[in-house]
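Please read this report with the sequence and the structure side by side.

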Amino acid sequence: MIGKLRAGPLRALQDLYAGRIVPPVVIVELEERRHLPSPLLKVREGELLLAALPPRAFLVALDEHGTAWSSRALADRIAAWRDRGASELAFAIGGADGLDAAVIDRAEAILSLGPMTWPHLLVRGMLLEQLYRAQQILAGHPYHRH
């Protein structure tokens, strides 16, 4: 994930859902500290994300041009990936300007959280909640009622 969360409500939201997911999620925060023009910054952030990606991880890129899945569809996809032997899933969240094309090209799937624009730091909590919800759906838990 591009950007570093400081203490506050967004960090609390992230920690709440990250703490509920089993096995524990690993959150890797990446940040380019140099002040670069937007197009160059996006490329550099893409390089950072790809370098941090575990070698055999199944990559899901979060991008506004991706496909919006229901919570149940996300759970079904996670189960299918697991059943096909995917030992690690990685979700890439870009910076304020989105993901570089190199990350999109490397991704096995491209997920959109809908047509609305969301602050990239808020997307973390939203994604983690959906991953927790998918876990609960797959476990048959009533957390997800639809």
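In which sense do strand β1 and strand β2 pair, and over how many bridges? They pair in the parallel sense, over four bridges; β1 spans residues 58–68 and β2 spans residues 89–92.

Some ground rules come first. This is a predicted model, in which local features need pLDDT of at least 70, side-chain atom pairs count only at pLDDT 80 or more, and totals for chains, interfaces and linings use all residues. Residues are numbered from 1 along each chain as its sequence is written, and side-chain values use heavy atoms, with hydrogens and water left out.

**Strands**

Helices (H or I, at least four residues) and strands (E, at least two) are DSSP runs, numbered from the N terminus. Two strands pair if DSSP finds at least two bridges between them. Take the β1–β2 pairing residue by residue. V60 has F91 as its bridge partner in β2. A61 has A92 as its bridge partner in β2. Between these two strands the chain runs through helix α3 (residues 71–83), and the β-α-β crossover is right-handed. Right-handed means that, with the strands pointing away from the viewer, the path from the first strand over the helix to the second runs clockwise.

β1 has another pairing. With strand β3 (residues 109–112) it pairs in the parallel sense over five bridges. Here A68 has S112 as its bridge partner in β3.

L62 also lies in strand β1. This residue is buried, at 11% relative accessible area. Buried means under 20% relative accessible area, exposed means over 50%, and partly exposed falls in between (1.4 Å probe, protein chains only).

**Aromatic rings**

How many aromatic pairs does a search of the whole structure find? It finds four. Rings of Phe, Tyr and Trp (its six-membered ring) pair if their centres lie within 6.5 Å; planes under 30 degrees apart count as stacked, over 60 as edge-to-face and the rest as tilted. One of the pairs is Y17 with Y132, which is tilted, with 6.1 Å centre to centre and 45° between the planes. Y17 sits in helix α1 (residues 9–18) and Y132 in helix α5 (residues 120–139), so the pair ties together parts 115 residues apart in sequence. Y17 is buried at 13% relative accessibility. Y132 is buried too, at 10%. Ring pairs also bring in Y143, giving a cluster of Y17, Y132 and Y143.

R20 lies over the face of Y132, 5.3 Å from the ring centre. The test is NZ of Lys or CZ of Arg within 6 Å of the ring centre and within 35 degrees of the ring normal. L131 lies in helix α5 as well, and is buried at 15% relative accessible area.

**Residues apart in sequence**

| Pair | Apart in sequence | C-alpha to C-alpha |
|---|---|---|
| L131 and R20 | 111 residues | 9.6 Å |
| L62 and L99 | 37 residues | 7.9 Å |
| A57 and I2 | 55 residues | 18 Å |
| P54 and L89 | 35 residues | 9.1 Å |

A57 is found in the loop between α2 and β1. It counts as buried, at 4% relative accessibility. P54 is found in the loop between α2 and β1, but is partly exposed, at 26%.

**A cis peptide bond**

Most residues other than glycine have a negative phi, and most peptide bonds are trans. The bond from V22 to P23 is cis, with omega near -5°. P23 lies in the loop between α1 and α2.

**The largest pocket**

On a 1 Å grid over the protein atoms alone, a cavity is a set of points where a 1.4 Å probe fits but cannot get out, while a pocket is an open set with protein on both sides within 12 Å along at least five of seven lines; lining residues have an atom within 4 Å of a point. Grid points are joined across faces, edges and corners, and a volume is the space filled by probe spheres set on the points.

The largest pocket holds about 1000 Å³ of space. Its lining has 35 residues, and V25, E88, L89, A90 and F91 lie nearest the centre. Which element gives the largest share of that lining? Helix α5 does, with six residues. α2 (38–52), α3, β2 and α5 each supply at least two lining residues.
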